[in-house]
Amino acid sequence: MSGAHPYASIDDAIQVVQNEAKAVPTIGHPMVGPYCFGSKDPTYAQCFGCLQLHKSGVPFGLLNRVVPISMAPDPGTWYGRMQRYKGASPDDMYLLAAALFSAMLAFSKPIEHALGGAIDAICVTPSTRGILVEDQRLWKSVSLVSSYLPPLKPLLRAAPGQKKPRNAINPSLFAAEPSEVEGRRIVLIEDTWVTGSGAMSGAHSLMVGGAAAVLVLPIARRLEVGSIKQFNRQPYLDLVNDGAWQSDRLLWPRPLA
């Protein structure tokens with residue numbers, strides 16, 4: 001990436017993220033859905049924004065392998081950063097990279113447990129707007145910490161003429177190269193998870209291509225306060241009204257022991 005480095009080192013960016021991530025939800029925290037590591041809350045089935053996706057019957061057990069790194073309320077500071085990085089804001093690209101690195105370090109054991117072994121490769125959800133994977137902001141952000149992570153590879157490509165549905169997977173949205181994914185344990189990075197249809201379509205393609213296991217790691221789970229109120233989900237409403245939530249710190253799910 002060209003341009004001035006916004007921090008003295010990537011370690012500085014990692015420290016900034018970890019300083020902000022002081023509020024870690026306890027097991028059973030109402031903001032962490034049951035398909036995220038750490039949640040044991042029996043009072044609701046899933047996050048309201050993912051309800052239709054879960055009902056659509058995503059195959060391969062993928063719904064049990066989704067780990068949002070953070071929660072991003074809209075409006076909110078972290079959500080704003082998630083939007084600005086797409087405009088090549090250096091500060092925000094480095095902070096996304098730092099959040100990813102910190103989370104993969106913290107989640108290394110539970111991720112390997114979920115995948116059934118060590119990570120063979122990581123990839124990102126491709127754009128459906130005709131942008132080459134290597135030209136995407138997400139790819140460039142992940143590349144900033146790629147030397148610390150398992151191999152970053154362009155394992156998926158967008159299929160031409162396909163549309164991304166909002167609340168269901170499209171098995172034809174992406175294609176994977178079987179020779180690159182067969183038998184591999186893969187972590188698929190997504191930037192912002194709303195309903196998850198794009199990331200799940202990509203995970204589906206990796207499994208069809210022969211991957212041994214796939215885990216989806218969204219950097220942020222986007223939450224629209226207006227939608228929360230519209231759906232009248234009391235656990236969400238309680239959290240929105242919580243003073244700690246209003247401080248807009250990163251909220252990370254607690255990994256399994």
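Me: At what angle do α3 and helix α4 (residues 90-106) pack?
Reply: This is a predicted model, so local features need pLDDT of at least 70, side-chain atom pairs count only at pLDDT 80 or more, and totals for chains, interfaces and linings use all residues. Residues are numbered from 1 along each chain as its sequence is written, and side-chain values use heavy atoms, without hydrogens and water. Helices are DSSP runs of H or I with at least four residues, strands are E runs of at least two, and both are numbered from the N terminus. With axes (lines fitted to C-alpha atoms over the stretch in contact, angles running from 0 to 180 degrees between N-to-C directions) lying 8 Å apart, α3 and α4 pack at about 110 degrees.

Me: So are α3 and α4 roughly parallel or roughly perpendicular?
Reply: Angles under 35 degrees count as roughly parallel, over 145 as roughly antiparallel, 65 to 115 as roughly perpendicular, and the rest as oblique. That makes α3 and α4 roughly perpendicular.

Me: Which residues of α4 make the contact?
Reply: Contact means heavy atoms within 4.5 Å. On the α3 side you'll find Trp78, Arg81, Met82 and Arg84, and on the α4 side Asp92, Leu95, Leu96 and Ala99.

Me: Which element gives the largest share of its lining?
Reply: The largest share is 4 residues, and they come from β5.
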